[in-house]
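Q: Please take a close look at the ligand site in this model. I would like the contacts first, then the surroundings.

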Amino acid sequence: MLEGRSLIEPLNFSVEEMDGLFVLAERIEEDGTYLRESCRGKLLATLFFEPSTRTRLSFEAAMLRLGGSFLGFADPGSSSAAKGESLADTVRMAASYADAIVMRNPKEGAALLASRYSPVPVINAGDGGHHHPTQTLTDLLTIKRLRGNPGAGLGDSVRGLTVGFCGDLKFGRTVHSLARALARYEKVRLVFVSPPELRVPEYITRLLAKEGIDFLETPSLEGAMPDLDVLYMTRVQRERFFNEEDYIRLKDTYVLNREKMELAKKNLIVLHPLPRVNEIAVEVDEDPRAAYFRQAKYGMYVRMALLSSVLGAA
Ligand code: NCD
């Protein structure tokens, strides 16, 4: 039962609970009327202390499609945080108006803190360079829909897959959450492609090693390409750098283009949480293996499944 539950990190929900959400999301995708009015009268607060397009809009679209409403802010400058209000106070206030809270904040741990002060479910829409669990739900649903057998659980869909992550693996919260989530499944292989400065944090590789996950770190995208079933490209996270020079030096380390796509399997899936900057050339968009725009759509379905579940409406 997910009613009343918060989602702060990808492992807050069990494998079975995630499968339940994917089944619900697939049903919503199939039948446009399913759960359509289920959140009538419910209010979602969207508190975005950091920029967002897809995540915020997809939560808002999800809530509206369920018949509910939302209120909130997309710019912390227009909220009382600008006057020095603490996060705890903002959250307590929002919880007194709304039935659930979706929050994005530049500080790692902000969502967890918010959930401690909130009597209503808190959904983490990104806390600094830490986690982004609803992007992970989006990514996993996309893999399941494009590579899975209908009706099978996610474990069956990801068994035997080699998933590559490329780009800013140090600051990319979507990478941290997805790698953590994938590590729960059997026979998944992870390949981390980054320059040495942007390697995946040690706390993640240590965890993977402890759980016996087969993984590899390499600076070469070309070298990794032929083995991959899924390639998860990411943007270099400019806003998390301490100096602009390092960002400029590293930002174009990897650019996925037609030439590199030729090295890959015929049924590769290219994912990207978006926004894209330069790391995927526009020419790749026409390749049938480019799945990042479809991925954004699955994000809305899985957020509908999530909201209707935590609000007790599913
Ligand atoms: C990601 C994020 O905010 O972490 N975007 C998203 O939610 N779709 C990735 C990014 O900003 O690079």
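Which polar backbone atom lies 2.9 Å from a nitrogen atom of the ligand?

A: It is a polar backbone atom of L274. The distance to the ligand nitrogen is 2.9 Å. The model is predicted: local features need pLDDT of at least 70, side-chain atom pairs count only at pLDDT 80 or more, and totals for chains, interfaces and linings use all residues. Residues are numbered from 1 along each chain as its sequence is written, and side-chain values use heavy atoms, with hydrogens and water left out.

Two side chains also make polar contacts, meaning pairs of N or O atoms within 3.5 Å. Q237 places a side-chain N or O atom 2.8 Å from a ligand oxygen. Q135 has a polar side-chain atom 3.3 Å from a ligand nitrogen. On its own, the ligand has 320 Å² of accessible area (Shrake-Rupley method, 1.4 Å probe). The protein covers 95% of that.

Now the shell. The residues around the ligand, each with a heavy atom within 4 Å of it, are T55, R104, H132, Q135, R173, T174, R235, Q237, P273, L274 and P275. By class, three are nonpolar, five polar and three charged. Here Ala, Val, Leu, Ile, Met, Phe, Trp, Tyr, Cys and Pro count as nonpolar, Asp, Glu, Lys and Arg as charged, and the others, Gly among them, as polar.

Two shell members deserve a further look. The peptide bond from L274 to P275 is cis, with omega near 10°. Most peptide bonds are trans. P275 is in the loop between β9 (269-271) and α12 (292-310). Helices (H or I, at least four residues) and strands (E, at least two) are DSSP runs, numbered from the N terminus.

R173 forms a salt bridge with E50, the closest N and O atoms being 3.1 Å apart. A salt bridge here is a side-chain nitrogen of Lys or Arg within 4 Å of a carboxyl oxygen of Asp or Glu. This pair links distant parts of the chain, 123 residues apart. E50 lies in the loop between β1 (43-48) and α2 (54-65), and R173 in helix α7 (residues 173-182).

How values were computed. Polar contact = N/O pair within 3.5 Å; in protein donor to acceptor, adjacent residues only side chain to side chain.
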